[in-house]
Amino acid sequence: MSEYNELYQQVILEHNKKPRNFRVIEGANRYALGKNPLCGDQFAVYAQVDDHGVIQDISFQGMGCAISKASASLMTSNIKGKTQEEAEVIKEEFQKMVMGEFHPEQQANHLGRLTIFEGVKDYPVRVKCATLAWHTLNAALSGTQQEVTTED
Amino acid sequence: MVQLMEKCTIGLDVAKIRADFPVLDQRINGYPLVYLDNAATTQKPWPVIDRIRDFYAHEYATVRRGVYSMSARATMAYDQVREQVAGFIHAASPHEIIFTKGTTEAINLVAYSYGRPFIGAGDEIIISAIEHHANIVPWQQLCQEKGAVLKVIPANEAGELLIDEYAKLLTDNTKLVAVNYVSNSLGTINPVKTIIDMAHERGIPVLIDGAQSAPHMAVDVQALDCDFYAFSGHKIYGPTGIGVLYAKMKHLEAMVPYQCGGDMIESVTFEHTTFAKPPHKFEAGTPPIAEVIGLGAAIDYLEKLGLNNIQAYENDLLAYGTEQLQQIEGLQIIGTAKHKASVISFVFPDIHPHDVGTILDQQGIAVRAGHHCTQPVMERFHIPATTRASFSFYNTHDEIDRLVEGLRHVIAVFR
């Protein structure tokens, strides 16, 4: 097989090995636990949001495959310092991109390095791996649900 | 050469067998398909595909209803499969063979039709630590509904049931024991004869989930003396949507109907219904006729190959696969029972089974990655999931070599 793997790109493998913001934020004012009941993967997302709606700190913990873990890691790197509204836009773009409904090379976007997950669209069974952390982020920021699954 | 040797020593001509399975002859992601998800479902040989096509093309009609010739012929073909199934598992009578959608429905049928009338508050049901969800959840629901207690036979680190512990679980309150013959996630072959005999000493009936034993070994339900035995057509090279529940006639007569409707009655008025005798009492509505016919063709196919030949050949694949996989650095086999069917579950310390599954798929190799509908087993071994390769008589040493090569590539990607 070719050495260049559309799905398992170096950045993804590197974030899988050394996930960023992989910790608990003590006293975080946003929190949710996300589960993929089909495979048992789960991540907790913690965030500290200030009075102006800026995500001052964000982190995650849990277990999952390389795709889900790298997605969570890059998500926290990207979202930190942004407002909740900005995070919402990025989440929408990301989810549409991995489902093949948003094309970052053709459309203006806020995805930055997250575009390396575009290859996921060719692996429909892995879309839920890539979006698990984002479902969880959504639940944490909206503050309505402490626990969410990819099947919700 | 390897295949020639296999032919001489085991009595199966694997090259010829592979030609019977058209699906195997294709490329996936640019590589020749290596299909190793046989514990989930098996591929279909031409005799099964042809039989279903011919039946629909020339013989199809309803069964047990029509007075016309075609319906009579379809009914004969349909009934003949029931006799064939009885022969396949050595049941005393074809009337003890109930057609269901599959193993899952067969177990649910017993939980409903036997469990509800005969299991009550304070009664106990025993299952094992290495069951498929299909042999856990129906009993759990029944226990919740009735106030009964579910007890679990523990397993050791190898994935073998602890029979001494089982002996302690059997009490005067035990009303049913339900265990699998072969574990789908670990491959363990359970000592079901011992389990049945120990239960019978106390007059307790035993259900055997045969979903994973039916494809791999000859089964004689009378020799085992099990009270219930369930298996699926699609795991023995037959169609989906058809399965079998065997039950001793004394139980079938005592059990209440599962679903009600056409074909399961003797007479109906608005005041009262009398039910048909088994097996029809448990088969409401028009049955999956073509699927039954296809199941018959699958059993024919297996019997021509010979279950003993199949078991010997698959044991050889298991031994070779185990030996080869053990040489891969970091790979740990989950399920190392002394007696196993041709199923190998494994994990790597830092590579998730889903990533293993995807990278193998990129090389044309189909394996299962996940909890295999056995979450309590995963918990027992403190892992979220495994990768599972399960072998059939159409697999070869060459394909196991492809798996090993594929896994070395997985390791290289994650290095």
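Which strands does helix α13 (residues 353-361) of chain B lie across? The legends below take that view and a few others.

This is a predicted model, in which local features need pLDDT of at least 70, side-chain atom pairs count only at pLDDT 80 or more, and totals for chains, interfaces and linings use all residues. Residues are numbered from 1 along each chain as its sequence is written, while chains are lettered from A and ligands numbered from 1 in the order in which they are written.

View 1. Helix α13 lies across β14, β16 and β17 of chain B, running at about 160° to β16(B). Helices here are DSSP runs of H or I with at least four residues, strands are runs of E with at least two, and both are numbered from the N terminus. Contact means that the C-beta atoms of two residues, placed from the backbone, lie within 7 Å. Axes are lines fitted to C-alpha atoms (for helices, over the stretch in contact), and angles run from 0 to 180 degrees between N-to-C directions. The sheet itself has four strands of chain B in the order β13-β14-β17-β16, with antiparallel pairing. At its edges sit β13 (332-334) and β16 (368-370) of chain B, each pairing on one side only. From one strand to the next, the twist averages 35°.

**View 2. Zooming in on β14 and β17 of chain B.** Strand β14 (residues 343-347) and strand β17 (residues 386-390) of chain B run antiparallel and are joined by four bridges; for strands to count as paired, DSSP has to find at least two bridges between them. Look for B:Val343, whose bridge partner in β17(B) is B:Ser390.

**View 3. Helix α5 of chain B and what covers it.** The 16 residues of α5 (103-118) in chain B reach 21 Å from first C-alpha to last, close to the 22 Å expected at 1.5 Å a residue; that expectation is 1.5 Å times one less than the number of residues. Of these 16 residues, 12 are buried, so α5(B) is largely enclosed by the rest of the structure. A residue is buried if 20 or more other C-beta atoms lie within 10 Å of its own, exposed if 12 or fewer, and partly exposed in between, with C-beta atoms placed from the backbone. Among the buried ones are B:Ile107, B:Leu109, B:Val110 and B:Tyr114. Their cover includes strands β4 (97-100), β8 (206-209), β9 (228-232) and β10 (243-247), plus helices α6 (137-146) and α10 (249-254), of chain B.

View 4. Most residues other than glycine have a negative phi, and most peptide bonds are trans. B:Pro278 and B:Pro279 are joined by a cis peptide bond, with omega about 5°; B:Pro279 is in the loop between β12 (273-275) and α11 (289-305) of chain B. B:Arg64, in the loop between α3 (46-59) and α4 (69-89) of chain B, has a positive phi near 60°. B:His90, in the loop between α4 and β4 of chain B, has a positive phi of about 60° too. B:Arg64 counts as partly exposed because it has 18 C-beta neighbours inside 10 Å, and B:His90 counts as partly exposed because it has 14.

**View 5. Where chain A touches chain B.** Here 15 residues of chain A are in contact with 15 residues of chain B.
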